[in-house]
Amino acid sequence: MHNEISLRHVFFAPKGKILLENISVCFGKNQLTTLVGPNGGGKSTLLKLILGVEKPTTGQIKRRKGLKIGYMPQKISLPTELPMTVGRFLNDSSCLKQVGAGHLSNMDMATLSGGEMQRVLLAYALQDKPDLLLLDEPIQGLDVQGEQQMYQLIFDYQKQTGCCIIMASHDLNFVLARSDKVLCLNRHICCQGKPEQVKDNDLFVKVPYAHHHNHIHTLSGEVCTCLK
């Protein structure tokens with residue numbers, strides 16, 4: 001599989017505090033990888049390292065030449081004293097139609113509902129037609145119908161473009177049903193592999209809560225093979 005991005009022995013320890021340690025993993029084209037793990041386990045930090053907002057303390061991150069990355073954060077903070085329309089927030093408001101939100105273009109960002117805001121943030125991530133799409137808890141705050149609609153938008157984009165998607169999520173039902181690869185993260189990679197390989201593993205079952213070990217388990221051999 002052609003790799004869009006790979007990480008080799010990446011440590012991230014700002015001011016000496018280890019947030020991620022010895023991360024070796026790769027992500028391929030037309031592959032949806034879901035990151036799971038406890039709060040504070042490093043999922044958002046890993047996405048920021050992949051995006052390039054943060055730099056690894058040690059280790060290597062290789063991106064395919066010309067790789068375009070789109071990023072959907074968990075949330076954004078907007079100054080309340082500075083009204084901003086959705087159209088002004090986006091460089092290209094035409095991408096709103098792609099996420100079924102064309103009617104929001106003239107609305108004030110501060111007045112959006114949770115579901116509307118998530119659609120706008122997804123449009124923001126898609127506006128440059130990325131090859132690699134990073135999603136940080138994209139269904140956060142949505143009801144069941146909103147979750148299904150958001151997932152469908154993500155699946156449709158991948159089907160149309162063949163892009164690589166890396167998504168942080170707590171939704172284990174989604175993980176098992178639709179992911180190509182699952183990466184369990186609690187500061188280090190606890191386990192990784194295809195959903196059917198990890199679903200019955202104790203490390204995966206417990207990963208949304210806590211881990212008490214400090215070693216790496218590779219269930220599919222992918223850590224080794226993708227870095228050869």
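Visitor: Before we look around, how do two strands come to count as a pair here?
Guide: Two strands pair if DSSP finds at least two bridges between them. The strands themselves (E, at least two residues) are DSSP runs, as are helices (H or I, at least four), and both are numbered from the N terminus. In this predicted model, three strands make an open, antiparallel sheet in the order 2-1-4.

Visitor: Which strands stand at the edges of that sheet?
Guide: Strand 2 (20–28) and strand 4 (58–63) do; each has a single partner strand, so one side of each is left without a neighbour in the sheet. Ignoring direction, neighbouring strands here are turned by 5 degrees against each other on average. For such angles, axes are lines fitted to C-alpha atoms (for helices, over the stretch in contact), and values run from 0 to 180 degrees between N-to-C directions.

Visitor: How many bridges link strand 1 and strand 4?
Guide: Five, with strand 1 (residues 3–12) pairing with strand 4 in the antiparallel sense. Ile5 sits opposite Arg63 of strand 4. Helix 1 packs on this sheet, touching strand 1, strand 2 and strand 4, and its direction makes about 120 degrees with that of strand 1.

Visitor: Let's zoom in on Thr45. Is it buried or exposed?
Guide: Buried means under 20% relative accessible area, exposed over 50%, and partly exposed in between (1.4 Å probe, protein chains only). Thr45, a residue of helix 1 (residues 43–51), counts as buried because its relative accessibility is 17%.

Visitor: And what is Thr45 in contact with?
Guide: Contact means heavy atoms within 4.5 Å. Leaving aside neighbours within four places in sequence, Thr45 is in contact with Phe12 and Leu20. Phe12 is 33 residues away along the chain, yet the two C-alpha atoms are separated by 8.7 Å.

Visitor: What is the strand order in the six-stranded sheet?
Guide: The order is 5-6-7-3-8-9, in an open sheet with mixed pairing. Strand 5 (69–72) and strand 9 (188–193) are the edge strands, each pairing on one side only. Inside the sheet, strand 3 (residues 32–36) and strand 8 (residues 181–186) run parallel, joined by four bridges. Thr34 faces Val182 in strand 8. Helix 4 (residues 114–126) packs on this sheet too, touching strand 5 and strand 6 at about 165 degrees to the direction of strand 5.

Visitor: Where does helix 5 lie?
Guide: Helix 5 (residues 144–161) lies across strand 3, strand 5, strand 6 and strand 7 (164–168), running at about 155 degrees to strand 7. Its buried residues include Met150, Leu153, Ile154 and Phe155. Just after the helix, Gly162 takes a positive phi of about 70 degrees.

Visitor: What span should helix 5 have?
Guide: The expected span is 1.5 Å times one less than the number of residues. The 18 residues of helix 5 should span 26 Å, and the end C-alpha atoms are 26 Å apart, which agrees.

Visitor: Which element has the lowest mean pLDDT?
Guide: pLDDT is the predictor's confidence in each residue, from 0 to 100. Helix 9 (residues 222–225) has the lowest mean, 38, while strand 6 (residues 132–136) has the highest, 97. Over residues 209–228 the pLDDT is below 50, though this stretch has 41 contacts in the model beyond near neighbours in sequence. Where pLDDT is low, the predicted coordinates should not be read in detail.

Conventions
Residues numbered from 1 in each chain as written. Predicted model: local features only at pLDDT ≥ 70, side-chain atom pairs only at ≥ 80, totals over all residues. Heavy atoms only, no water.
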